[in-house]
Amino acid sequence: MTDSSFDITEVYLKFLEEDKDMTMPIAAIESLVTMLRIKEPTTSSELINLVKSNIETLKSSISNAISLSAGCDLFMRFVLRNTNMYSDWESCKRNLVENGELFVQRAKESRFKSAEFGLPFIKDDDTILVHSFSRVVFQLLKKARADRLVRFRVIVTESRPTENGYHMAKLLQEANIPVELIVDNAVGFVIHKVDKILVGAEGVAESGGIINHIGSYQIGCLAKANNKPFYVVTESHKFVRLFPLAPNDLPNDLSSFGLKSTESEERENLKTQLIDFTPHEYITALITDLGVLTPSAVSEELIKIWYD
Amino acid sequence: MTDEAESKSPQPQTPASQGNESKGEGVSKLSNKELKELKKKEKAAKRAAQKEAIGITPEQQKQAAQRSIEKKKQIASTTNLKKQLNQTLIKDENAKKKIPALFSHLETREQRNASSPSISHIVHPSILSLTLKYANYRVVGSIARLKHMLEAFKVVIDDYKTPTNTTLTRHLTGHLSHQIEYLKTARPLSISMGNAIRLLKQEISHISIDTTEEKAKDILKQKIDDFIKEKIELTDRLIIENASKHITNGGTILTYGHSQVLEDLFKYCVIQQGKKFNLIVVDSRPLFEGKKLLKNLIETKVEGQNQAEVGSEGARSNLYRPGERSITKVSIKVQYVLLNSLSSTILEDVDCVFLGAHAMLSNGHLYSRVGTGLIAMMCHSRNIPVLTCCESIKFSDRVQLDSVTTNELADAEDLIHDIGQKKPPAKRSFALEQFLKKSENERTLHDSTLRNKDKQGQQKGASQKPSSATDIECSLLDWHSVPNLSILSIMYDLTPPQYIKKVVTELGSLPPSSVPVILREYKST
């Protein structure tokens with residue numbers, strides 16, 4: 001279906017590159033909408049097939065496809081529901097593209113909404129532990145500092161192997177928030193003086209557990225053992241229909257995707273993963289654009305999205 | 001004796017019985033009752049006079065009275081049945097004592113059976129035969145029972161004729177209630193059956209009053225067919241597709257007893273997906289349902305004439321060349337153990353536990369065959385994920401905190417005799433029952449006087465019994481006569497949600513805490 005004139009992966013990557021603030025699911029939806037605009041399918045079955053095949057190519061060509069597939073599935077669901085609603089094909093197509101754009105718009109706003117809901121959680125004199133880099137966590141912290149003038153301290157993990165923590169620390173520093181950077185191994189050392197833990201998510205599973213940067217599970221366990229609240233800040237379009245049973249029970253190609261070995265030779269047999277799964281029992285609450293949810297409310301929202 | 005009976009006779013409830021009793025009272029000279037009669041008549045006369053004053057003629061009054069009597073008679077034929085049953089119930093104090101005190105509130109098999117005779121004449125033959133199948137566990141398992149019941153209902157509806165002066169919408173529900181009442185004498189209804197019956201009755205009430213009988217019956221049969229297809233067959237297929245992700249090639253799966261959807265799941269993984277895995281079947285007394293799973297798996301042949309048995313799934317399979325080889329030889333390595341030997345070595349490399357379900361309660365508890373909770377807890381303590389496959393028809397909005405308050409009491413004899421030879425309980429008429437009881441009482445009275453005479457000699461004989469295996473069996477055979485010995489056989493237990501990792505339903509996989517969500521969705525559709 002996808003001929004050479006249009007490469008969905010290229011568009012997707014371009015979207016991500018152009019806008020550093022854009023997350024993967026939104027980029028996926030946006031590129032699918034673009035595809036529809038360019039391709040102009042003439043029948044509904046062609047449309048559905050087109051979307052399906054493009055989602056397939058997108059999923060297979062991008063290595064870290066969890067949140068990407070969340071966006072794709074949402075859009076597919078959206079397409080299937082909308083094609084049935086209109087009798088007239090032209091208006092259907094127009095509506096699809098328009099609504100698709102509206103959808104992207106809403107998805108972008110949801111980050112600000114999530115941050116809004118999260119504000120009351122941050123108080124004066126807090127010490128907050130943050131793992132890895134997450135746009136929505138950063139948004140929340142920045143908002144708390146800039147708008148609410150809350151004075152708090154952030155401890156950021158280095159987050160190997162991606163070392164996203166450095167990026168996070170730099171951004172926070174620019175936002176005038178006192179930051180302390182620690183190595184991942186030091187979480188246990190600092191946990192007793194931490195007041196709460198904030199993490200983002202690649203995807204939120206049906207159970208309410210999260211799929212996130214490697215190391216989140218360890219932090220979740222430590223938080224539980226030390227009775228520290230472990231909050232997940234995320235957007236609702238990251239809810240995926242996936243239910244891993246254990247931290248390593250992720251689809252194989254997802255958990256150990258390409259890590260270029262730029263390291264020295266002695267690290268040659270270093271084996272690492274980029275994401276893990278934190279089961280719902282370690283999560284205190286999920287701060288989303290739908291409000292603050294308990295983990296078990298996620299499946300309710302998912303069922304609402306899929307079966308209403 | 002006769003005097004006592006009369007004074008005990010209940011207050012006249014139905015006009016029909018009233019007539020009988022007033023005759024009886026006329027013969028016996030109870031002045032009290034006569035006085036009462038007199039007063040009644042006086043009152044009636046007064047009332048009649050009052051009414052006449054308003055303008056109702058005595059004829060009209062009589063008609064009204066007649067009408068109300070007829071109405072009452074109609075009620076008597078339906079709702080009063082249960083009351084009658086309770087009255088005819090033989091209160092066997094001895095049987096009650098034979099159940100441990102904690103479980104004495106549960107209905108025994110005898111109590112259930114006792115309630116059958118008086119309504120058996122309106123019960124359809126297909127229901128009669130199904131009841132027998134339930135009673136001797138020929139049909140066992142929540143979904144199998146549900147399916148058989150719906151098939152039987154189809155026959156009942158087919159043979160149903162609306163009596164004159166009523167409509168199908170109104171009368172059929174009651175007619176079905178009798179059938180259900182009779183079915184209950186074998187075993188209590190399962191949650192799924194209860195849900196299905198509720199839906200069916202709703203369908204009946206939705207039928208327009210103008211619909212012809214034939215049409216209405218066709219609609220109902222179609223609805224039942226749709227229900228079976230949608231809520232059982234398609235649902236199971238979705239569940240199987242969902243759950244098959246957890247069976248990995250070369251993995252080890254543990255399961256308990258027999259569950260239709262799990263059996264289909266294992267077959268699907270082998271036949272459709274070509275997976276090879278180890279299966280540990282845990283079983284327990286007295287039903288030995290695991291043997292059924294084992295038998296069905298062994299009988300599943302990969303590509304051959306026997307494919308028909310495997311059902312539609314097998315027919316589509318292309319993964320294996322034609323052959324007569326059982327899947328247990330080709331792909332599944334099965335290990336069969338009893339529940340009490342579920343030791344550390346067996347659990348050592350289990351990847352995943354699949355459990356069947358009787359019902360999911362709204363607080364996330366799993367209500368399933370007794371022993372399930374034990375397995376879930378054991379596996380949880382070893383960090384083995386516990387999964388359950390459950391159709392949404394099995395979801396119940398009930399809340400239960402322990403498995404004692406509501407449970408099913410099975411026949412205690414099941415634990416003593418071989419379940420395979422189980423006979424359905426003999427149904428005896430009330431009169432015969434009473435006669436037997438009386439004669440037995442007399443005999444025991446007689447026996448006890450005899451026993452008192454040579455008590456010492458007998459006691460010695462009893463204590464000197466050699467304790468060989470056969471004798472142990474024998475001593476259990478007449479456990480009824482052993483004081484302070486009670487045998488308990490319950491059917492279900494409750495597994496708390498913290499031991500269950502995931503519930504696989506046709507709507508997706510959920511943690512047990514999300515059961516209310518499904519219930520809400522289910523109610524709304």
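Which residue just after α9(A) takes a positive phi? A:Asn227 does, with a phi of about 55°.

This is a predicted model, in which local features need pLDDT of at least 70, side-chain atom pairs count only at pLDDT 80 or more, and totals for chains, interfaces and linings use all residues. Residues are numbered from 1 along each chain as its sequence is written, chains are lettered from A and ligands numbered from 1 in the order in which they are written, and side-chain values use heavy atoms, with hydrogens and water left out.

**Exercise 1. The end of a helix in chain A**

Find the buried residues of α9(A) and say which side of the helix they take.

*Solution.* 
Step 1: helices (H or I, at least four residues) and strands (E, at least two) are DSSP runs, numbered from the N terminus. Buried means under 20% relative accessible area, exposed over 50%, and partly exposed in between (1.4 Å probe, protein chains only).
Step 2: in α9 (residues 216–225) of chain A, the buried residues are A:Ser216, A:Ile219, A:Gly220 and A:Ala223. Because they cover an arc of only 105° around the axis, they sit on the same side of α9(A); the arc is that of the directions from the helix axis to the C-beta atoms.
Step 3: an α-helix has 3.6 residues a turn, so residues three or four places apart point the same way.
Step 4: on the other side of α9(A), A:Gln218 and A:Ala225 are exposed.
Step 5: past the helix, A:Asn227 lies in the loop between α9 and β7 (230–233) of chain A. With a relative accessibility of 68%, A:Asn227 counts as exposed.

**Exercise 2. Backbone geometry to check**

*Solution.* 
Step 1: most residues other than glycine have a negative phi, and most peptide bonds are trans.
Step 2: A:Pro161 belongs to the loop between β2 (152–157) and α7 (164–174) of chain A.
Step 3: A:Ser159 lies in the loop between β2 and α7 of chain A, and its relative accessible area of 0% makes it buried.

**Exercise 3. A helix in chain B**

Repeat the helix analysis for α8(B).

*Solution.* 
Step 1: α8 (residues 125–135) of chain B has as buried residues B:Ser126, B:Ile127, B:Leu130, B:Thr131, B:Tyr134 and B:Ala135. They share one side of α8(B), because their arc around the axis is only 170°.
Step 2: just after α8(B) comes B:Tyr137, with a positive phi of about 60°.

**Exercise 4. A histidine with partners in both chains**

*Solution.* 
Step 1: contact means heavy atoms within 4.5 Å.
Step 2: the side chains of B:His246 and B:Lys502 are joined by a polar contact of 2.6 Å. A polar contact is a pair of N or O atoms within 3.5 Å; within protein, one must be able to donate a hydrogen and the other to accept it, and residues adjacent in sequence count only if both atoms are side-chain atoms.

**Exercise 5. The interface**

Describe how chain B meets chain A.

*Solution.* 
Step 1: 18 residues of chain B are in contact with 13 residues of chain A.
Step 2: the two chains bury about 1,300 Å² between them, 61% of it on carbon and sulfur atoms. Buried area is the accessible area (1.4 Å probe) that two parts lose on being put together, summed over both.
Step 3: the rule finds 1 salt bridge across this interface, a salt bridge being a side-chain nitrogen of Lys or Arg within 4 Å of a carboxyl oxygen of Asp or Glu. B:Arg520 forms a salt bridge with A:Glu300, with the closest N and O atoms 2.4 Å apart.
Step 4: α23(B) gives the most to the side of chain B that touches chain A, with 4 residues.
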